[in-house]
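Please look through the sequence and the model below before reading on.

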Amino acid sequence: MGQPTDFTSHRSARVWKSQGGWYAHAHVPENDHVDPGSWPVFAARMAPAEPFPGAAFFHTGQKSPVIAAMHRRLVAEDCDRYRPGDAIDVWEIDDVNSYAAWQRKLGLSGRDADGTPGKPSWDRLRVPHLA
């Protein structure tokens with residue numbers, strides 16, 4: 001099932017029965033709990049997070065290392081809607097699309113999943129603090 005990437009269970013009886021390979025015990029279908037997941041994700045969850053800069057911060061053309069850090073977190077969360085060559089540190093339509101994917105992953109919909117960061121979804125993304 002691949003390298004652990006997060007704290008959630010990825011148990012699949014179908015995969016367990018049909019694909020050989022190395023599995024963490026969190027992937028065993030009968031297991032009823034998960035471990036911390038991969039160390040980079042665990043460390044990111046424990047590290048201080050970047051404070052929410054406010055919705056007005058996110059506008060077309062905004063350039064910032066905060067946007068680059070957010071970009072990397074969205075990719076890590078499998079919310080990568082970036083096209084090749086996208087400027088990692090500039091707020092563009094691909095950031096809107098990727099952030100909307102993150103919002104939908106959190107179970108949000110409608111105006112709550114429009115791609116504009118809000119404090120609750122930002123806090124859950126845990127963008128690393130850029131001291």
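In what kind of interaction do the side chains of Lys119 and Asp123 meet? The side chains of Lys119 and Asp123 meet in a salt bridge, with 2.7 Å from N to O; a salt bridge here is a side-chain nitrogen of Lys or Arg within 4 Å of a carboxyl oxygen of Asp or Glu.

The model is predicted, so local features need pLDDT of at least 70 and side-chain atom pairs count only at pLDDT 80 or more, while totals for chains, interfaces and linings use all residues. Residues are numbered from 1 along each chain as its sequence is written, and side-chain values use heavy atoms, with hydrogens and water left out.

**Overall architecture**

- The protein contains five helices and zero strands, where helices (H or I, at least four residues) and strands (E, at least two) are DSSP runs numbered from the N terminus.
- Along the sequence, the pattern reads α-α-α-α-α.
- Of the 131 residues in the protein, 34% are buried; buried means under 20% relative accessible area, exposed means over 50%, and partly exposed lies in between (1.4 Å probe, protein chains only).
- The protein has an accessible surface of about 8,000 Å², and carbon and sulfur atoms account for 57% of that surface; the areas come from the Shrake-Rupley method with a 1.4 Å probe, and for residues only the protein chains shown count as cover.
- Among contacts between residues at least 6 apart in sequence, 49% join residues at least 24 apart, a contact being heavy atoms within 4.5 Å.

**The nonpolar core**

- In soluble globular proteins, nonpolar side chains tend to be buried together.
- The largest nonpolar core in this model has 17 residues, and those with the most contacts inside it are Met70, Leu74, Tyr99, Trp102, Trp122 and Leu125. Such a core is a set of buried Ala, Val, Leu, Ile, Met, Phe, Trp, Tyr and Cys residues joined through side-chain atoms within 4.5 Å.
- Helix H3 (65-76), helix H4 (93-105) and helix H5 (119-125) are the elements that give two or more residues to this core.
- H3 supplies the largest share of this core, with five residues.
- Leaving aside neighbours within four places in sequence, Leu125 is in contact with Met70, Arg73, Leu74, Glu77, Tyr99 and Trp102.
- Ser121 is found in helix H5 and counts as buried at 5% relative accessibility.
- Not counting residues up to four places away in sequence, Ser121 touches Tyr99, Trp102, Gln103 and Leu106.

**Salt bridges**

- A search of the whole structure finds five salt bridges.
- Arg73 forms a salt bridge with Glu77, and the closest N and O atoms are 2.9 Å apart. Both Arg73 and Glu77 are buried.
- Arg73, Glu77 and Lys105 are linked in a network of salt bridges.
- Another salt bridge joins Asp94 and Arg83, with the closest N and O atoms 2.9 Å apart. This pair links distant parts of the chain, 11 residues apart: Asp94 is in helix H4 and Arg83 is in the loop between H3 and H4.
- Asp94 is buried, with a relative accessible area of 3%, whereas Arg83 counts as exposed at 52% relative accessibility.

**Aromatic pairs**

- A search of the whole structure finds five aromatic pairs. Rings of Phe, Tyr and Trp (its six-membered ring) pair if their centres lie within 6.5 Å; planes under 30 degrees apart count as stacked, over 60 as edge-to-face and the rest as tilted.
- The rings of Phe52 and Trp122 have centres 6.2 Å apart and planes at 55°, so this pair is tilted.
- Phe52 lies in the loop between helix H2 (39-46) and H3, and Trp122 lies in helix H5, so that pair links distant parts of the chain, 70 residues apart.
- Phe52 is partly exposed, with a relative accessible area of 23%, whereas Trp122 is buried, with a relative accessible area of 1%.
- Phe58 and Trp122 also form a tilted aromatic pair, 5.5 Å centre to centre with 55° between the planes. Phe58 is in the loop between H2 and H3, 64 residues from Trp122 in helix H5.
- Phe58 and Trp122 are both buried.
- Ring pairs link Phe52, Phe57, Phe58, Trp91 and Trp122 into a cluster.
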